[in-house]
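Please keep the sequence and the model at hand while reading.

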Amino acid sequence: NKSYFIKMNTILLFCLIVFATSSSSKNLILIGDSRYVQMSIYYIGLPWDGRNVRTTSPKSFQGYSIQSTAQGSASYKNFNEGGELYNSVINQLSKAAANTNVLLWLGVNSLWDSNGTFNFYAKLAKKYPKLSFHAISVTGVDESKWKNVNNNQVTNFNNNLRKLVNGSGSVSNLRYLDILYANDPTRIVSSGKTIGINKYSPDGLHYDNTGYRFLFNAMVEKL
């Protein structure tokens, strides 16, 4: 009867709201290299020790609750068991609330090893099945300023990482989060606009605060 269908629709709507809320957690943990170091300290305002960002408590920022572990020149090896940053990451992840979004942004220091990066990501996701892990596409460089890195390497890394995350060895709580426009590592999609991100990179690798704002927005808009 009519009242039955109204009741069932109400229950369904409630379930959808609960699902949407749980899937869009405002708790963020940032794990990465020097780009996350700068985003963390200069844009978000997290504390650091002069070399590393290793927060022990979250900071409220733009409606999000954010923690971070990051280090300049870091690759997945710094975070793996026995690495310098391992204990900090484990401490943050083990205390994180369910559905916390873990934004993984490594690779520019290890473009030759997408497999190792993926294996690290997958290991964390398997260890913490109640958290949501996101392998973020790596942005490129200004090749005129960085002779030992080129954007073809970045594109190959991203394509390989995407295939691994989405492939047969995939983990249910790990997904590829693509912030690029048309697979171009020098352009991102942020606030509905295509941004030439190198314009906001003084040294061709890192970004100014405007660039980090575009990057942060691009990441959280994809969650």
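## Strand pairing and core packing

In this predicted model, Tyr181 stands opposite Asp184, a residue of strand S9. The two strands concerned, S8 and S9 (residues 184-190), pair in the antiparallel sense over two bridges. They belong to an open sheet of three strands, in the order S8-S9-S10, with antiparallel pairing. Strands S8 (180-181) and S10 (193-196) each have a single partner strand and stand at the edges, so one side of each is left without a neighbour in the sheet. Helix H7 (residues 209-221) packs on this sheet, where it touches S9 and S10, and its direction makes about 70° with that of S9.

A parallel pairing is found between strand S6 (residues 132-136) and strand S7 (residues 174-177), which are joined by four bridges. Within this pair, Ile136 has Leu177 of S7 as its bridge partner.

| Strand pair | Sense | Bridges |
|---|---|---|
| S8 and S9 | antiparallel | two bridges |
| S6 and S7 | parallel | four bridges |

Which residues have the most contacts inside the largest nonpolar core? They are Leu93, Phe133 and Leu174, in a core that has 35 residues. Among the elements that give two or more residues to this core are strand S1 (27-32), helix H4 (86-95), strand S5 (101-105) and helix H5 (114-127), together with S6, H6 and S7. The largest share, six residues, comes from H5. Leu174 shows how its surroundings are built up: leaving aside neighbours within four places in sequence, this residue is in contact with Leu104, Phe118, Tyr121, Ala122, Ala125, Phe133, His134, Ala135 and Val165. Apart from this core lies another, of 32 residues, which includes Leu28, Tyr36, Phe61 and Phe214.

For the chain as a whole, there are seven helices and 10 strands, and buried residues make up 49% of the 223 residues. Among contacts between residues at least 6 apart in sequence, 67% join residues that are at least 24 apart. The chain exposes about 10900 Å², and carbon and sulfur atoms supply 53% of that area.

Methods:
Residues are numbered from 1 along each chain as its sequence is written. This is a predicted model: local features need pLDDT of at least 70, side-chain atom pairs count only at pLDDT 80 or more; totals for chains, interfaces and linings use all residues. Side-chain values use heavy atoms; hydrogens and water are left out. Buried means under 20% relative accessible area, exposed over 50%, partly exposed in between (1.4 Å probe, protein chains only). Contact means heavy atoms within 4.5 Å. Accessible areas come from the Shrake-Rupley method with a 1.4 Å probe; for residues, only the protein chains shown count as cover. Two strands pair if DSSP finds at least two bridges between them. Axes are lines fitted to C-alpha atoms, for helices over the stretch in contact, and angles run from 0 to 180 degrees between N-to-C directions. A nonpolar core is a set of buried Ala, Val, Leu, Ile, Met, Phe, Trp, Tyr and Cys residues joined through side-chain atoms within 4.5 Å.
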